[in-house]
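Work through the exercises below with the sequence and the model open. Each task is followed by a solution in steps.

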Amino acid sequence: MVPGLLFFIIYKYIPMLGIVVAFKDVAPFDGVAEIISAPWVGFRHFQNFFSSVFFWEVLHNTVVISLLYLVLGFPAPIIFALVINEVTHLRFKKVIQTISYLPHFLSMVVVAGMVTNLCSPNGGLINAIIEFFGGEPVFFLGSNQHIRGVITLTAIWQEIGWGSIIYLAALTGISAELYEAATVDGAGRWKRLIHITLPGIMPIISIMFILQIGKVLDAGFERVLLLYNPSVYQNADIIDTFVYRKGINELQYSFSTAVGLFKSVIAFVLITGTNWVTKKLGQETLW
Amino acid sequence: MKKTKRVLACLTAVLLLGMAGCGGGSNAPSEGTVGGGTGSAGSGVTATEAPSEEPVKLIYFFQPPANYQPTDSAVLQKIRARILEDTNVDVEFILAPIDNTEYNNKLNLMLAGGEQLDIFLTNGWEDLQRNGVLADLTDVLKEYPELTDVFGNAMEAMKTNDNKIWGIPRNGDAVHYPVWIRKDWLDELGLEVPKTIDEFETVLKAFKENDLAGNGKTIPMLTSFENLPHCLLGAYTENGTGVYTSPDGLMMPFFMDPGYKDMLTELNDWYKDGLIDKETFIYKDNQRIDLIKQGRVGAAVLWFSRVSLNEQELKKLVPEAEYVIASLEGPKGKAETVNAYARFPIGISTAPGTTGYVISGKCKDVDAAIRVLNWGFTNTGNYITSRYGIEGEGWQWADKDAGVFDLLVPQTGDEYCMYKGLVTEMAVRESISPNEKHVEYIYGKEIVNFDRAKYPPDGGIHFDMKTIYDTVPNVSDILRIYQEESIKFITGARPLSEYDAYIESLKKSGMDQLALEVTKQVEAATK
Amino acid sequence: MKRKRAVSERIADFFIYAGLISLALIFLIPFWMVLVTSVVSESERLSRGLLIMYPRKLDFSAYQTILSKNSQIVSAYGITLMRTVVGTACNLLVTSMLAYGLSKKTLPFRKTITLGIFFTSIFNPGLIPAFLAVKYTGLYDSFGAFIVPNLVVVWWMLILRNFFMQIPDELEEAALIDGASPVTVLFKIILPLSLPSLTTIGMFYAVWHWNSWFDGMIYISSSKLFPVQVVLKNIISASMVENLDLLAGSVPPPLEAVKSAAIMVSTLPILAVYPFVQKYFVKGIMVGSVKG
């Protein structure tokens, strides 16, 4: 265990001292000496962040987009894994699995480009279908109502295949004997699913759930950055994109560290809370 | 057990590699050339006189161009040797990321970590200077009058208010934002190149009705939110994108001018009539470029190179296609605003003056660094050599006086070209260029045709942005409101009757304090 | 052993297969389009409306550009390959040791250590402290910078730990009684039993190594040591950001075909690996061991 611990001490804990940057005024190219001698500004960066006209909107967007993904995107790989598990034809199973990883490997830049083309009101595929059925073209990427949906669906598309890997691994750990016993007792497919399969992967589901909750304030920075534009800032500007624009314009290294700290604290609270609740429910937890 | 042994072997290998790698860090003489040649300064140098001192070793942080293809290492050796021979400086380059954000990230990290980085390009020298990262070049440059002469007025771009010089500018004042129009379409419709905004509108309507791109794919006007005001605002406001002075003498960002609303109103009409592409504010730049290359765009109200670098490709599809510049005028005068080398940056996306080559404050021999820069900037032959290799091998003069040369090898990676900028690009050109329009624009000096545009009143003033960000903590809110709401007004998502409410919201986010601070700084600078 | 399949099961099967096939198409088509884009000429791409499903004329110039002898791709591939193999091995070794230690309920301070480790995954002080840590431990611009700074990913370690915790204690106790040392127990019993999870986590690490460009970009200066993704990302991202014209001068960005070829070149190898890795997902390994 020792090498692991050593790693953490050197590469994670000591750099954490760098968190003081959040409380000072530091430029992005300052070295250690400069960081130590930089002026201490206390909570000013935090106040700066909270006092922005857009603070609540940005926070709200971040949470909503994350929750959307949690509700729709979290179960998706699980269901996918379960469905694949039902397939008995080995070759088919392998092929489908490999294909499902492809979206994960496409870089976000490419995916964003494709989504933009697909959703274009000027000849994009989706609008072409809508018009075929007699509807009016919808300006998906320019509409506040639709942008969150686009972001979430893109995220699901990208991660459903790759996310299912861990569940499929867990599924192989469920002993075949249990299934056979159940079948002998007359349990149909559905019953087997509910009483054997699901409980069998519940531990891993519970862990993944806790981890996902911890990401609530993240909401997929690169994806949003590439898909959003000023017309939809209202519903799509998240904490990270807000900070990013500020950083580009103002070279605000300390500010982004401060906001990062804020996000971490919230994430920590959420994870601890969820962990506690999960424990009470008798499921697997992080500690 | 075999597995453990294998793993242990791997670990040992890693440790050894790690240690070996540490030893061979970025300062080893044989690194820095692609493919790891055996290059040391001595190869290929037939010195006419033996250098009397040790050559100075300097590091150049090289940002590759977008279509980077590494240069042949033999050629690189020769260039390096040539620079060494002429200046007694051994220049090694470190490959930086191409993307601007990554480049700046890496640059900042290297500076923070204290890595040796002597010469580098930056688009924010003022901040670096304020934090003491740069070397003061004022005294050294006195020894190189040719260098300062070659830049002339543009040198002001790199001076702080106390007249100290901190770098070599990449650009000076320039006009970057023309309105490009398809001449072949105008000809086909029997129209003249428009000279006023009203004529421009007529042309756009004609483009739309006649659908010259076919299949309803014509885009009469394509633009981007960032570029738009630079191209058109001058027609509606006194100062274009320069600071606006209110009747009570306060100076503030250009979008506070009441004329800005007039522009929004006009654009809103055009948008409603389908003269502006519906997705124009959503596209990423490479999508706009694709539209131009496909021949769908009638008027490109964009940064000049969107058209100039891509017209050649368009001609492959549509041989008679050609874009020309329309110098438009409106009720308040010329539509375009000159991109001054220094100006108030809020609302402007690229102020060219903050870009330049700078020398790190930790550089051990600033004079040597300037020697290297002087080598390329004051001698066009050297500039070309730094890009393509030795004269006679990589290139040769076709017309030396006019600065035209024949390129004998395919495009290179420009690794040693520390001399990019308006000055060199206006002085020489390839005899045959893959981007003829672009060369015409720059070498043909259209880029400094100031008659086309208005000069902003705050041009030439260096602003202390740090104080501004400290006094007005929510500048990014102002920017976001400006962007978001302007687009809404243009697309009609928000009725123009709410314009006053929009101005109010800008004030609530600190516009008044901003105005006070800007006025203060302008007055201090113009005293 | 064949069973008679009820009609309802047959119907369910049909829907399952149909659904999976449609999903597969949705996953495959965009990827296919990138592939096609990489083998057509720019003129064809422009004249046919940008999203094409099949090439009319094959044009491999994009691949020539990327793989030309001057380009750094070949050596970069070597680096990436080496770091993936060596790196993943080290990752798995350290991670599993850590996970095993933490899975033992008898470990003193277990909760504190776990909490402490978990803490680091949430609180991230930013780029510069991380960079400085790498610099001051002497790993800057060396191969070690690929391996050590990200030796353990906390989440995967915790997942592995949970898998370990599911292995019945009796197995270990049996071995210990027979005189085996904890290390032997780890290597001879626990690891073989956890093969599915180990392979999964191993694959996560391997793919991470393969795809990572960020650490290559910030920790490395010598172009000899650039992994493949750094080289390729330079090609792909050049025209991404709105209106930030490059410092280094306006040149036309690389053609879409070149970008697509770069994506193909960087993705296909790792995808090819997966079918081989699948062998290790063997069902029911658990069953026999407890009874025996």
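**Exercise 1.** Is C:K135 buried, partly exposed or exposed?

Solution. The model is a predicted one, in which local features need pLDDT of at least 70, side-chain atom pairs count only at pLDDT 80 or more, and totals for chains, interfaces and linings use all residues. Residues are numbered from 1 along each chain as its sequence is written, chains are lettered from A and ligands numbered from 1 in the order in which they are written, and side-chain values use heavy atoms, with hydrogens and water left out.

Step 1. Take the classes: buried is under 20% relative accessible area, exposed is over 50%, and partly exposed is in between (1.4 Å probe, protein chains only).
Step 2. The relative accessible area of C:K135 is 23%, so C:K135 is partly exposed.

**Exercise 2.** With which residue does C:K135 form a salt bridge?

Solution.
Step 1. A salt bridge is a side-chain nitrogen of Lys or Arg within 4 Å of a carboxyl oxygen of Asp or Glu.
Step 2. The partner of C:K135 is B:E115, with 3.0 Å between the closest N and O atoms.
Step 3. This pair crosses between chains: C:K135 sits in helix α6 (residues 127–136) of chain C, and B:E115 sits in the loop between α3 (100–113) and β3 (119–122) of chain B. Helices (H or I, at least four residues) and strands (E, at least two) are DSSP runs, numbered from the N terminus.
Step 4. B:E115 has a relative accessible area of 14% and is therefore buried.
Step 5. Over all chains, a search of the whole structure finds 43 salt bridges.

**Exercise 3.** Describe the salt bridges B:K183 to B:D187 and B:E484 to B:K488.

Solution.
Step 1. In the pair B:K183 and B:D187, the closest N and O atoms are 3.3 Å apart. Both residues belong to helix α7 (residues 183–189) of chain B and are 4 residues apart, about one turn of the helix.
Step 2. B:K183 is partly exposed at 26% relative accessible area, and B:D187 is partly exposed at 48%.
Step 3. Between B:E484 and B:K488, the closest N and O atoms are 3.7 Å apart. Helix α19 (residues 475–491) of chain B holds both, again 4 residues apart, about one turn of the helix.
Step 4. B:E484 is buried at 3%, and B:K488 is buried at 13%. Through shared partners, salt bridges join A:E57, A:D237, A:R245, B:R480, B:E484, B:E485, B:K488, B:R494 and B:E498 into one network.

**Exercise 4.** Which residues touch the most other members of the largest nonpolar core?

Solution.
Step 1. A nonpolar core is a set of buried Ala, Val, Leu, Ile, Met, Phe, Trp, Tyr and Cys residues joined through side-chain atoms within 4.5 Å.
Step 2. The largest nonpolar core has 325 residues, and B:L232 and B:Y260 touch the most other members. Helix α9 (residues 144–172) of chain A gives the most to this core, 14 residues.
Step 3. Contact means heavy atoms within 4.5 Å. Apart from its neighbours within four places in sequence, B:L232 is in contact with residues including B:V179, B:I197, B:M221 and B:M263.

**Exercise 5.** How is chain B divided into domains?

Solution.
Step 1. Domain 1 covers 35–172 + 351–427, and domain 2 covers 179–337 + 456–526; the bounds come from an automatic or database domain assignment.
Step 2. The centres of domain 1 and domain 2 of chain B, taken over C-alpha atoms, are separated by 35 Å.
Step 3. At their contact, 7 residues of domain 1 of chain B meet 4 residues of domain 2 of chain B.

**Exercise 6.** Which residues form a nonpolar patch on the surface with about 570 Å² of accessible area together?

Solution.
Step 1. Patches are made of residues with over 30% relative accessible area and no salt bridge; like charges are joined within 9 Å, and nonpolar side chains (Val, Leu, Ile, Met, Phe, Trp, Tyr) within 5 Å. Accessible areas come from the Shrake-Rupley method with a 1.4 Å probe, and for residues only the protein chains shown count as cover.
Step 2. The members are C:I21, C:L25, C:I29, C:W32, C:M53 and C:Y54.
Step 3. C:Y54 lies in the loop between α2 (42–47) and α3 (61–67) of chain C. C:Y54 is partly exposed, at 47% relative accessible area.
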